[in-house]
Amino acid sequence: MILILLGPPGAGKGTQACRLVNTKGLVQLSTGDMLRTAVASGSPIGLEAKAAMDAGQLVSDELAVRIIGQRIAAGEGESGYILDGFPRNLAQAEALEAMLAKQDMNVDLVVELKVDDAAMSRRIAGRYTCAKCNEGYNDSFKPPRVKGICDVCGSDRFVRRPDDNEETVQARLAAYHEQTAPLAKYYAQRGVLRHVDGMAGIDEVWRQIEAVLEAA
Ligand code: AMP
């Protein structure tokens, strides 16, 4: 199963992808996570990606396709993949189709998380993750049960993404509407697009995603 989560920054793609990994055995491929790892390690890919990421713009298609292509070619997802943050535009969608075709696969489902932009700015401004296990939190909507301690692994170290600031968020939302949102039409034409209400709480969004998977 190849499942794409589509939605602007802050829509909850990463959170829901995590549940799909834990319950359905799918492998999560997040180009944003891969690029952040590359930037942190100072690798050539990271050096190439950093300026665009800091400005809230997309890195080149060539780079995004290369990093995800390496993982798909490695064939690590026996039950399939959840793509989170890829494809981001039509050129990437077409490159993905070509990559998957080489392995006799295609995109089975695209789940679009419908949300509104104003709420996304608020969500992003407050979000952070556990530095150890990557569990996501939010100052307003989901603080840890015990202040300063991760619910999942007990760590007391948390990190905030450098591009989760008001100025960059506006650029990221604009990039989404200009370049990524048109993918909904592309996948609707292929009969694989489904919608869930990304404004609902995390558990309700998950319930809707499960319903989409069951109906597929
Ligand atoms: P994300 O974690 O998906 O919000 O991505 C963070 C940043 O990484 C984006 O603002 C882009 O600069 C870059 N990025 C992630 N995925 C892609 C992609 N598929 N194509 C181009 N740039 C990407």
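I count a residue as near a molecule if one of its heavy atoms lies within 4 Å of that molecule. With that cut-off, I find 16 residues surrounding the ligand, the closest being Thr31, Arg36, Gln57, Gly85 and Gln92.

**Basis**

I am working on a predicted model, in which local features need pLDDT of at least 70 and side-chain atom pairs count only at pLDDT 80 or more, while totals for chains, interfaces and linings use all residues. Residues are numbered from 1 along each chain as its sequence is written, and side-chain values use heavy atoms, with hydrogens and water left out.

**Ligand**

I sorted the shell around the ligand by class and got 6 nonpolar, 5 polar and 5 charged residues. In this sorting Ala, Val, Leu, Ile, Met, Phe, Trp, Tyr, Cys and Pro are nonpolar, Asp, Glu, Lys and Arg are charged, and the others, Gly among them, are polar. Helices (H or I, at least four residues) and strands (E, at least two) are DSSP runs, numbered from the N terminus.

Next I looked up polar contacts, meaning pairs of N or O atoms within 3.5 Å. A polar backbone atom of glutamine 57 is 2.5 Å from an oxygen atom of the ligand. At valine 59, a backbone N or O atom lies 3.0 Å from a ligand nitrogen atom. Arginine 88 uses its side chain: an N or O atom there is 3.0 Å from an oxygen atom of the ligand. The ligand taken alone exposes 480 Å², and the protein buries 96% of that. These areas come from the Shrake-Rupley method with a 1.4 Å probe.

**Second largest pocket**

I noted a volume of about 170 Å³ for the second largest pocket. A pocket here is an open set of points on a 1 Å grid over the protein atoms alone, where a 1.4 Å probe fits, with protein on both sides within 12 Å along at least five of seven lines; lining residues have an atom within 4 Å of a point. The volume is the space filled by probe spheres set on the points.

I read off the lining as Arg36, Val39, Ala40, Lys50, Met53, Asp54, Arg161, Pro162 and Asp163. Helix H2 (31-41) and helix H3 (44-54) are the elements that give two or more residues to it. By class, the lining has 4 nonpolar, no polar and 5 charged residues.

**Backbone**

I found a cis peptide bond joining phenylalanine 86 and proline 87, with omega about -5 degrees. Proline 87 lies in the loop between strand S3 (81-84) and helix H5 (90-101).

I also noted positive phi values outside glycine. Aspartate 104 has phi near 55 degrees and lies in the loop between H5 and S4. Is aspartate 104 buried or exposed? Aspartate 104 is classed as exposed because its relative accessible area is 78%, where exposed means over 50%, buried under 20% and partly exposed in between (1.4 Å probe, protein chains only). Asparagine 134 has a positive phi of about 75 degrees and is found in the loop between strand S5 (127-130) and strand S6 (136-138). At 48% relative accessibility, asparagine 134 is partly exposed.

**Other residues looked up**

Leucine 113 lies in strand S4 (residues 109-114) and, at 2% relative accessibility, is buried. Its C-alpha atom is 29 Å from that of lysine 147, 34 residues apart along the chain.

I checked two residues in the loop between helix H4 (61-74) and S3, glutamate 76 and glycine 77. Glutamate 76 is partly exposed at 37% relative accessibility, whereas glycine 77 is buried at 13%. From glutamate 76 to arginine 88, 12 residues apart along the chain, the C-alpha separation is 22 Å. Glycine 77 and glycine 42 are 35 residues apart in sequence, and their C-alpha atoms are 27 Å apart.

Last, I placed alanine 55 in the loop between H3 and H4. With a relative accessible area of 34%, alanine 55 is partly exposed. I find 32 Å between the C-alpha atoms of alanine 55 and aspartate 203, which are 148 residues apart along the chain.

Key:
A polar contact is a pair of N or O atoms within 3.5 Å; within protein, one must be able to donate a hydrogen and the other to accept it, and residues adjacent in sequence count only if both atoms are side-chain atoms.
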